[in-house]
Amino acid sequence: RESDHRAWTPVTYTVTRQNATIQGLIQGKAYFFRIAAENIIGMGPFTETTKEILIRDPITVPDRPEDLEVKAVTKNSVTLTWNPPKYNGGSDITMYVLESRLIGKDKFHRVTKEKMLDRKFTVEGLKEGDTYEYRVSACNIVGQGKPSFCTKPITCKDEIAPPTLDLDFRDKLIVRVGEAFSLTGRYSGKPAPKVTWLRDDIVVKEDDRTKIKTTPTTLCLGILKSVREDTGKYCVTVENSTGSRKGFCQVNVVDRPSPPVGPVIFDEVFKDHMVVSWKPPLDDGGSEITNYIIEKKDTHKDVWMPVTSATVKTTCKVPKLLEGREYQIRIYAENLYGISDPLISDEMKARDRFRVPDAPEQPIIKDVTKDSAVVVWNKPYDGGKPITNYIVEKKETMATRWARVTKDPIFPGTKFKVPDLLEGCQYEFRVSAENEIGVGDPSPPSKPIFARDPITKPSPPVNPEAVDKTKNSVDLSWQPPRHDGNGKIIGYLIEYQKVGDEEWKQANLTADSCPETNYRVTGLTEGLTYKFRVKAVNAAGESDPAHVPDPVEVKDRLEPPELILDANMAREQHVKAGDTLRLSAVIKGVPFPKVTWKKEDREVSPKADIEVTGVGSKLEIRNTVHEDGGMYSLTVENPAGSKTVSVKVVVLDKPGPPRNLNISDVRSDSCYITWMEPEDDGGSVITNYVVERRDVASAQWVAISSSSKKRSHMAKYLMEGTQYLFRVAAENQYGRGPYVETLKPIKAIDPLHPPGPPKNLHHVDVDKTEVSLVWNRPDRDGGAEITGYLVEYQEDGADEWTKFQTVPMLDCVVTGL
């Protein structure tokens with residue numbers, strides 16, 4: 001019976017075996033079955049299947065998996081994928097078994113116990129350089145099916161492939177503003193390359209409008225609703241460890257231009273036309289401006305009338321205007337992608353803006369001489385066009401005809417020196433201005449002037465000052481006036497006034513008594529304070545006075561001492577012995593200072609000549625010696641103060657004698673000589689030492705070294721037994737100093753030492769009061785023949801030895817014991 005029915009249906013009545021084949025069942029339906037046995041007596045009870053049986057094809061193991069592929073290989077891993085078998089054996093696949101075999105081995109080994117139902121697995125932990133082959137089997141509820149076909153042998157090593165790049169876009173791309181665009185392509189490479197997008201060398205980042213999509217094989221950069229700022233050079237870089245590839249695309253996002261840049265400038269305005277100009281748009285929309293569209297409008301009307309749409313210049317003539325009407329101009333910029341918003345001008349009235357210049361104001365005449373005069377005027381209104389020339393005219397006062405003073409242009413200056421006047425004649429002058437429209441009206445005539453050299457009073461003297469004073473006089477000095485009034489300066493008048501008085505007194509009665517620019521005012525009272533002033537005088541009269549700035553108190557002037565050093569008073573003065581030392585300085589001060597020369601704070605040597613004059617002092621020492629060196633000081637002193645300068649004088653001379661001459665290590669043929677440098681090196685570096693010797697029996701000194709820079713010398717080649725004296729002198733660039741000599745002769749012999757101890761001392765006979773001793777010679781005699789042997793004895797237990805006697809031979813009998 002079907003599992004969802006209750007009625008049983010007989011299958012057969014004649015089954016004599018213990019099995020039966022039931023046919024006519026419907027695949028996919030579930031059935032229960034029951035069986036009863038029958039004999040001649042009748043039918044027995046039924047036996048029923050315990051659970052329903054689903055009708056389907058018989059279940060077997062799965063077929064072999066298909067398309068086993070190697071997807072990636074590195075030095076220590078292999079990645080494999082495969083497809084399921086065509087037939088799963090009638091039951092779902094429960095797992096896959098992946099096996100590997102090392103090439104050279106016979107057996108396959110299972111790689112993992114994972115079920116791998118996603119049909120992909122990476123075998124890791126492999127050894128670089130080993131070669132494997134793989135196979136995979138499918139398992140279902142029945143068991144494991146046949147293995148797939150083996151892969152080719154796979155060697156573990158990093159798989160490397162340089163990047164490739166295949167782009168779907170050209171080198172240039174033009175996009176309208178607001179449109180979307182995308183840059184796509186395909187790439188490959190092992191290891192998987194990194195993909196980077198740049199615009200004008202800056203990394204492109206994703207935002208609301210910018211989308212970047214990268215798969216293992218494809219790449220895409222998309223931009224929605226493009227704007228002008230998206231214009232640029234785009235670069236995609238595909239890079240892995242083996243190299244990189246780049247692709248470029250110049251994207252130009254184009255739009256209509258921005259408006260022309262204002263304001264609109266009215267370069268020229270006339271009653272029937274205007275000339276206007278403007279500046280190009282800041283943004284041409286990514287495409288060159290092809291033309292400008294210019295329109296005009298009468299402000300009383302609402303209609304814009306075309307002027308031109310064909311100009312590419314940023315200037316235009318607007319014709320056909322009505323005089324007195326006000327107009328506005330508007331300008332559009334156009335490129336291949338559209339027309340910009342307009343630039344609209346201010347209102348401008350159509351009328352002639354330009355005329356001839358106005359008449360200048362009345363000119364002023366300056367600097368008149370017997371044959372010339374300078375005409376000065378102010379610039380008039382130029383009529384709207386720049387003034388290009390001035391016309392200066394002259395006429396004699398009684399005449400009626402004006403004449404131009406020059407045919408040359410006068411510009412841009414507003415003054416002109418008129419030449420060629422007749423001395424004594426009276427003249428008037430006038431000026432006209434000219435621009436490109438024409439010549440304007442002339443100015444009113446100037447005031448009449450006579451052509452002659454004027455003489456006026458001079459200007460005051462310049463910078464009067466009190467330069468010196470005593471207890472009854474003051475010395476004044478000044479500079480001539482800046483202007484002599486065109487007349488010779490005859491002289492100067494000097495006046496003085498006691499502070500507190502109102503009356504000025506004359507120091508000189510006539511100007512010619514003081515033709516120079518200095519004067520001594522005498523007869524003043526000591527202790528009082530006076531003011532002074534000076535006037536210059538020419539034929540026209542006296543100038544205004546020039547005052548000495550500050551009142552002057554009449555008393556002897558005090559100036560602190562001042563020393564101006566000569567070159568020989570530098571900080572250090574070198575002079576060779578025997579030459580002349582000169583020290584000098586210029587001295588100033590009021591009253592003249594007292595002069596004092598000192599050396600090392602003591603009086604200078606009597607041999608020094610000291611000279612003091614009213615302007616300085618000089619110290620001179622002839623035939624200098626080394627002792628003349630030292631610190632010299634010059635002191636000048638007066639009631640206002642004192643000043644001292646010092647100079648170190650070095651007298652360059654031969655050095656002094658070396659010190660501490662010592663002889664040591666005397667041998668039969670040599671000795672060692674040492675010494676110390678002289679206390680005085682003569683002001684110059686010691687260059688070398690001279691060492692000499694002399695046999696006491698000879699008067700002749702012999703040099704043994706003349707170039708030693710050291711302070712020691714080994715004297716060799718001495719005669720044994722000879723007595724010698726030695727001496728040493730120092731030299732510098734100025735000569736050789738005195739010698740230092742050994743105090744007593746040195747004998748050339750090897751040094752003597754005490755002999756060694758006698759050897760093998762023993763007794764040969766003993767008596768009750770004496771002992772007979774013998775011994776052998778010592779190993780060393782100390783450098784001299786042995787003269788005897790000293791015998792001593794000591795009682796056992798005592799501290800001191802008792803001398804017995806000295807014997808010449810190698811035996812002795814000690815008695816008295």
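**Reading strands, domains and salt bridges**

Student: I see that aspartate 468 stands opposite aspartate 475 in S38. Which strands pair here, and in which sense?

Tutor: Keep in mind that this is a predicted model. The partners are strand S37 (residues 462-469) and strand S38 (residues 474-479), antiparallel over 5 bridges. A hairpin of 4 residues connects S37 to S38.

Student: What should I keep in mind about side chains along a strand?

Tutor: In a regular strand they alternate between the two faces of the sheet.

Student: Now a whole sheet. What is the strand order in the open sheet of 5 strands?

Tutor: Read across it: S47-S54-S53-S49-S50, with mixed pairing. To find the edges, look for strands that pair on one side only: here strand S47 (572-576) and strand S50 (602-603).

Student: Which residues does the "domain: Ig-like" annotation cover?

Tutor: The unreviewed UniProt entry puts that label on residues 163-252 and 561-646. Then check the secondary structure of each range. Residues 163-252 come out at 0% helix and 64% strand, with the end C-alpha atoms 28 Å apart. For residues 561-646 the figures are 0% helix and 62% strand, with an end-to-end C-alpha distance of 16 Å.

Student: And where does "domain: Fibronectin type-III" apply?

Tutor: The unreviewed UniProt entry lists several ranges, including 259-353 and 359-454. Residues 259-353 are 0% helix and 53% strand, ends 29 Å apart by C-alpha. Residues 359-454 are 0% helix and 33% strand, ends 30 Å apart by C-alpha.

Student: On to charges. How many salt bridges does a search of the whole structure find?

Tutor: The search gives 32. For each one, I'd ask how far apart the partners are in sequence and how accessible they are. Lysine 29 and glutamate 2 make one, with closest N and O atoms 3.3 Å apart. Both partners are in the segment before strand S1 (30-31), yet 27 residues apart, and the pair links distant parts of the chain.

Student: Is glutamate 2 buried or exposed?

Tutor: Glutamate 2 is buried, because its relative accessible area is 16% and the cut-off for buried is under 20%. Lysine 29, at 32%, is partly exposed.

Student: What about the salt bridge of arginine 135 and glutamate 99?

Tutor: Those side chains meet at 2.8 Å, N to O. Arginine 135 is in strand S10 (residues 131-139) and glutamate 99 in strand S7 (residues 95-102), so the pair ties together parts 36 residues apart in sequence. Arginine 135 is partly exposed at 22%, while glutamate 99 is buried at 14%.

Student: Which residue forms a salt bridge with glutamate 393?

Tutor: Arginine 430, with closest N and O atoms 2.6 Å apart. Glutamate 393 is in strand S32 (residues 389-396) and arginine 430 in strand S35 (residues 426-434), 37 residues apart. Both glutamate 393 and arginine 430 are buried. Elsewhere, shared partners join Glu495, Arg533, Lys535 and Glu542 into one salt-bridge network.

Student: Last one: where is lysine 716 found?

Tutor: In the loop between strand S59 (712-715) and strand S60 (723-732). Lysine 716 counts as partly exposed at 48% relative accessibility. Compare sequence with space: lysine 716 and serine 670 are 46 residues apart in sequence, but 4.4 Å apart C-alpha to C-alpha. Leaving out residues up to four places away in sequence, lysine 716 touches Asp669, Ser670 and Arg693.

Methods: Residues are numbered from 1 along each chain as its sequence is written. This is a predicted model: local features need pLDDT of at least 70, side-chain atom pairs count only at pLDDT 80 or more; totals for chains, interfaces and linings use all residues. Side-chain values use heavy atoms; hydrogens and water are left out. UniProt positions are given in the numbering used here, feature names are shortened, and annotations may be inferred rather than shown by experiment. Helices (H or I, at least four residues) and strands (E, at least two) are DSSP runs, numbered from the N terminus. Two strands pair if DSSP finds at least two bridges between them. Buried means under 20% relative accessible area, exposed over 50%, partly exposed in between (1.4 Å probe, protein chains only). Contact means heavy atoms within 4.5 Å. A salt bridge is a side-chain nitrogen of Lys or Arg within 4 Å of a carboxyl oxygen of Asp or Glu.
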